[in-house]
Amino acid sequence: METTNKDLVIEQKHEGTKLTCTLSGWLDPNTSPKLIEQIDLAEIKELVFDMKNVEYVFSAGLRAFMIFQRIMDAQNGTIKLINVSDQVRSIFEYTGFESLLEPK
Amino acid sequence: MLKSWFRKHSLNFKLNISILTCVCLGFFGLITFISQYAEPIIQSQSEHNAKQTVDSYIADITFLVSDTERIVLNTKNTLDQLSSTDMESLLVVLNSAIKTGSNSTLTFTNAWVYIFQPNNVIKGNLYISTKENGETYFKSEKVSNFYDRFPWFKEVPKKEKIYWSEPYKDKTSGQVVVTCLVPFKFKDTGDFSGLVALTVDLSRIQESINHFSYYKSGKLLLLSRTGLYVTHPNPNIALKKTIFDLADELNLDQLAYVGMELAKGKSGQIEIDHSSVISGQAIFFYAPIKKLGWGFCLVYSKKEFLRPIHHFQIIVLLAFCAGAVLLFFLISHICRKSTDQLLTLSSLATQYGNGDFTENFKDNPSSSDINVIANALTSMKENLLNYIEKERKTASDQQRNESELEIAHSIQKSALSEQYPQHEAFDISTLMIPAKQIGGDFYDFFFINENRFAFVIADVSGKGIPAALFMMKAQTLIKNACKNNRDLASAIHLANNELCEGNESCMFVTAFIAVVDLISGNMNFVNAGHTIPLFYTNDKYRFLNPQKNIVLGAKENAEFVAEKISLTSGDRVFIYTDGVTEAENEESDFYGEKRLEHVLQKISSSPTRNLHNVLQDIKKFTKTAPQSDDIAMLEFVYNGFKTGSIVFAADLKNLAGMINFLKGEMNKHNLSEAAQFAMISAAEEIFSNIALYAYKSEENGTIKIKTFTKDDKFYASFSDSGKPYNPLAKKDPDIKQDIKKREVGGLGVFLAKKLTDDISYSYKKGLNILTIGISLHK
């Protein structure tokens with residue numbers, strides 16, 4: 001069975017030092033490295049991920065967010081995930097990443 | 001043919017034909033017999049009569065002849081004393097001779113003495129005394145030729161013997177006469193002197209004979225010695241022809257025969273075809289007058305002498321005809337009377353049959369048989385009226401019962417599921433043979449949801465509408481309770497309580513209820529006082545030993561215990577009602593559980609055929625005994641839920657394919673969205689791990705994924721032939737630790753553990769097998 005992997009679409013929106021990335025697709029081992037490569041975090045103090053159209057976040061995705069967290073921490077910035085579906089949220093909760101999420 | 005012809009006609013016709021035919025045959029037989037028998041009798045009687053008649057005439061003539069001969073002899077004796085010269089004395093003698101005749105029944109026409117010449121007898125003197133009109137004349141004459149004077153004598157007699165002449169007509173009187181003579185001799189002459197003669201008048205005898213009648217046309221004929229007719233109705237024959245002449249003329253040998261017989265002095269009777277006297281067949285009775293050599297013939301018509309018989313026959317025939325006509329009318333009358341009454345009775349019977357009892361049989365029965373039928377009809381009518389009266393009383397009840405039965409029957413029928421669901425995980429078949437009366441057996445099967453299937457068999461106590469309604473109620477309650485409660489025991493508990501509510505008629509139902517999870521094969525069941533089900537597994541049917549529960553509807557708030565068995569592909573459950581095990585044969589033996597268990601072992605792959613095998617076996621057992629209770633059976637065959645498997649190249653690019661496959665498998669099992677998400681998330685971690693690490697140095701590595709259900713869980717196993725590695729042995733990451741300090745790896749397996757309900761690792765035959773499972777009901 002061959003199925004084309006779901007691509008990850010990233011829309012970046014700069015508002016001063018705030019970068020809002022709207023993600024669509026899966027965060028899997030294939031797409032997560034691309035996410036890290038494509039986002040330039042220079043000068044960014046407030047990083048927001050709109051997760052509205054994210055279907056799955058696998059551990060590779062979690063690792064990506066862990067990396068972003070560490071970068072933002074280094075720049076004294078903040079990282080926030082918004083519009084996370086309940087199912088995806090559970091992944092974050094299971095793994096102790098709920099601090100990244102917008103409080104419910 | 002005669003039979004069918006006979007059958008077509010009425011009794012009257014048949015009776016008349018039969019009786020009249022028999023009577024006719026008998027009658028004609030009798031007539032023939034009597035005629036045959038009577039003819040000889042009458043014939044001999046007539047012969048006897050003829051003989052008597054003729055004998056009296058013979059006696060008369062014989063008397064006449066004897067008298068005459070006596071007188072002639074006396075005269076001769078007197079003359080013998082005289083001398084030839086005493087002529088005066090001669091005259092006296094002659095006169096006295098004639099007178100003697102006058103005094104008796106005899107009449108002498110004349111008396112004479114012929115004295116012939118001694119040398120020539122032809123010549124002589126004749127002294128004759130003649131009687132005429134009462135006066136006697138005497139004269140003497142000379143006779144020159146005796147034969148001329150007396151032509152009826154052939155010769156002059158010379159011997160002392162009486163001679164009789166042939167009959168002849170007297171010249172003077174014209175009467176028929178006959179002369180008797182005898183020679184005499186005077187005392188003074190040596191030889192015969194002459195002849196003395198008396199001529200006898202036969203006219204009286206002739207008259208008497210002519211007036212004689214016998215059988216109307218019968219005639220008496222007097223024949224002389226030569227066969228000459230002395231008397232004959234035909235004057236051309238009398239004294240002119242002999243019997244032999246007539247025999248020649250008429251060509252009748254029989255007549256000549258009679259003449260010969262008479263000449264011989266014999267008597268007798270013969271039949272002659274025709275005669276001169278009477279027409280047609282005649283009977284001749286003949287008898288001789290011996291003294292004279294003459295004879296009598298009595299001729300009479302055979303027809304006439306047989307006339308009494310004919311008369312008898314005609315009279316009897318007429319009497320018979322009259323009798324037959326009378327008989328015909330009598331039979332017709334009796335028949336008509338009987339058949340009329342029978343027809344009346346039959347139309348009455350038809351009326352009674354149509355329910356019209358207004359008329360009665362009023363006639364007087366024409367016979368005892370009719371009386372019997374009429375009485376029977378009357379009593380039938382009375383019985384019918386009584387019966388109808390009774391019937392009327394119970395009719396409404398019965399009608400109600402009948403319609404009740406019909407309603408109950410249709411309720412029962414409508415309640416039974418008819419369409420078997422088509423599902424790859426199972427087959428089901430049911431069989432229901434209701435007994436004559438409506439019982440309360442029912443079966444039911446339904447889906448609770450897509451993967452949970454329930455089947456029920458039950459037996460309601462009682463019969464008729466109440467049972468049917470209770471059955472409907474029970475069926476609905478059980479179905480609803482099963483659909484609305486995940487737990488079977490509590491579903492039955494609720495259904496029971498509902499059934500107990502308002503159950504004043506104290507009805508109850510025994511039931512076996514089973515719910516099968518088609519994916520896992522788990523079967524939960526409750527046996528509420530029902531017959532013990534049979535379970536087929538490992539090639540054998542055996543009875544289950546279910547927990548006993550109280551029947552439904554009997555006790556409020558009763559607790560029910562649900563049990564569980566696990567079905568694997570090919571397992572079967574056979575349930576039935578007591579109509580199966582308690583089917584009775586003629587000896588009142590029960591079919592029983594042993595027979596049931598035995599016959600089921602001849603398993604057929606089709607559950608329908610299996611049920612029919614059981615039914616055949618029951619019928620073979622009960623034979624002709626009637627079915628006393630409903631027979632209901634149900635068999636459920638679990639085919640197992642199909643599992644899927646797939647092989648991928650161990651590459652991350654196949655991630656989406658793997659997820660798609662898994663999604664499809666999970667959709668088959670109707671896993672919830674959350675469960676699917678969890679499974680997919682866990683599977684991705686495992687798949688990625690294998691793809692990234694299992695085949696580090698090799699190419700063409702594969703990952704085989706297999707899905708299956710077991711114990712209420714959906715499983716997916718991931719096999720790879722990489723180096724043995726148990727990811728579960730790795731220590732879990734500390735999720736409480738600050739993200740900044742946490743290790744980047746190790747999250748995947750941890751997540752998989754967290755997301756699934758079951759996760760295990762094994763290494764078998766060179767394969768790392770990691771299996772994850774999730775509850776089917778999450």
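**Figure 1. Confidence along chain B of a predicted model.** In chain B, confidence is lowest in helix H1 (residues 2-8), at a mean of 72, and highest in strand E20 (residues 572-576), at 94. This confidence is pLDDT, the predictor's score for each residue from 0 to 100. For chain B the mean pLDDT is 85, and 98% of the residues reach 70 or more. The model scores ipTM 0.90 and pTM 0.40. Because the model is predicted, local features need pLDDT of at least 70 and side-chain atom pairs count only at pLDDT 80 or more, while totals for chains, interfaces and linings use all residues. Residues are numbered from 1 along each chain as its sequence is written, and chains are lettered from A and ligands numbered from 1 in the order in which they are written.

**Figure 2. Overall make-up of chain B.** Chain B has 18 helices and 26 strands; helices (H or I, at least four residues) and strands (E, at least two) are DSSP runs, numbered from the N terminus. Of its 778 residues, 36% are buried. A residue is buried if 20 or more other C-beta atoms lie within 10 Å of its own, exposed if 12 or fewer, and partly exposed in between, with C-beta atoms placed from the backbone.

**Figure 3. An open sheet of five strands in chain B.** The strand order is E13-E14-E15-E16-E19, with antiparallel pairing; two strands pair if DSSP finds at least two bridges between them. At the edges are E13 (440-449) and E19 (563-566) of chain B, each pairing on one side only. From one strand to the next, the twist averages 15°. Angles run from 0 to 180 degrees between N-to-C directions, and axes are lines fitted to C-alpha atoms, for helices over the stretch in contact.

**Figure 4. Strand E16(B) and its two partners.** Six bridges join E15 (residues 509-517) to E16 (residues 522-528) of chain B, and B:Val515 has B:Asn524 in E16(B) as its bridge partner. E15(B) and E16(B) form a hairpin with four residues between them, and B:Gly521 in the turn has a positive phi of about 80°. Four bridges join E16(B) to E19(B), which run antiparallel. B:Met523 stands opposite B:Ile565 in E19(B). Six of the seven residues of E16(B) are buried.

**Figure 5. Helices on the sheet.** Helix H11 (residues 464-484) of chain B lies across E13, E14 (452-460) and E15 of chain B, at about 20° to E13(B). Helix H12 (residues 488-500) of chain B touches E15 and E16 of chain B, and its direction makes about 30° with that of E16(B). Two residues are in contact if their C-beta atoms, placed from the backbone, lie within 7 Å.

Figure 6. H17 (residues 673-694) of chain B reaches 30 Å from its first C-alpha to its last, close to the 32 Å expected, which is 1.5 Å times one less than its number of residues. Of its 22 residues, 17 are buried. In all, 26 residues of chain B are in contact with 25 residues of chain A. Helices H16 (655-668), H17 and H18 (747-755) of chain B are the elements that give two or more residues to this side of chain B. H17(B) gives the most, with seven residues.

**Figure 7. B:His48 in a helix.** B:His48 is found in helix H2 (residues 11-81) of chain B. B:His48 is exposed because 11 other C-beta atoms lie within 10 Å. B:His48 and B:Phe285 are 237 residues apart in sequence and 9.9 Å apart in space, C-alpha to C-alpha.
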